[in-house]
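Please have your viewer open and work through each task before reading on.

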Amino acid sequence: MRAQQLHPAHDTPHGEHHDGHHDGDDLHVSMSDYVRGFVLAVILTVIPFWLVMAGVIQNRATLVVVLGVLAAVQIVVHMVYFLHMNGKVQGGWTLLSTIFAVIFVGVTIAGTLWVMFHMNAHMMPDHANPMAMQPAAPHGHTATP
C-alpha cells in the first residue's frame with residue numbers, strides 16, 4: 001500500500017483540499033466591488049472638502065456634525081468594501097468584535113471628556129472675578145492691584 005503524501009497546510013488524509021478556511025468564510029470579491037468602494041470613498045472625500053473650501057455651511061457646529069457623519073459613513077464604506085467585514089465572515093465574530101471596540105472607544109472618549117469638563121469647571125479658579133484669585137490682605141490693610 002502506498003503512503004499518501006500530505007502537504008501539511010493544504011491537504012487532509014483523505015486527499016481533500018483544505019486551506020484553513022471554514023465553511024461560510026468563502027470571500028468572493030470582484031473588481032466591481034473594489035471599484036464601487038473606491039468611487040464611494042472618493043465621493044465621500046470630495047464632498048467634505050468642497051463643503052469646507054466653498055464655505056457652504058456657515059455654522060461651525062453644523063459643519064462639524066456634517067463632517068463627522070460623512071467621516072463615519074466613509075469608515076463604514078472602507079470596512080465593507082476594503083476590509084470585507086460583514087456578518088458572514090468568521091461566523092460574524094469579526095463584525096461583533098468591531099462593534100464592541102467602537103462602543104468601548106466611544107464610552108472611553110465620552111467618559112474622558114466628561115471627567116475633563118467637570119474637573120475644569122470645579123477645580124479651576126474663578127477667572128471671571130480677578131479679586132477672588134488674590135490672597136487675602138492682612139487685617140487693616142487693603143490689597144492693591
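Is Phe82 buried, partly exposed or exposed, and at what relative accessibility? This is a predicted model, where local features need pLDDT of at least 70, side-chain atom pairs count only at pLDDT 80 or more, and totals for chains, interfaces and linings use all residues. Residues are numbered from 1 along each chain as its sequence is written, and side-chain values use heavy atoms, leaving out hydrogens and water.

**Solution 1.** Buried means under 20% relative accessible area, exposed over 50%, and partly exposed in between (1.4 Å probe, protein chains only). With 28%, Phe82 counts as partly exposed.

**Exercise 1.** Find the salt bridge and place its partners.

**Solution 2.** First, the criterion: a side-chain nitrogen of Lys or Arg within 4 Å of a carboxyl oxygen of Asp or Glu. Next, the search of the whole structure gives 1 salt bridge. Arg36 pairs with Asp33, their closest N and O atoms being 3.1 Å apart. Finally, the two sit 3 residues apart in helix 1 (residues 31–53), about one helical turn; helices are DSSP runs of H or I, at least four residues, numbered from the N terminus. Arg36 is partly exposed at 41%, and Asp33 is partly exposed at 22%.

**Exercise 2.** Describe the aromatic pairs.

**Solution 3.** Ring centres of Phe, Tyr or Trp (its six-membered ring) must lie within 6.5 Å; planes under 30 degrees apart count as stacked, over 60 as edge-to-face, the rest as tilted. The structure has 2 such pairs. Tyr34 and Phe82 are stacked, 6.4 Å centre to centre with 20 degrees between planes. Tyr34 lies in helix 1 and Phe82 in the loop between helix 2 (60–81) and helix 3 (93–123), so this pair ties together parts 48 residues apart in sequence. Phe100 and Phe104 are also stacked, at 6.1 Å and 25 degrees. Both lie in helix 3, 4 residues apart, and both are exposed.
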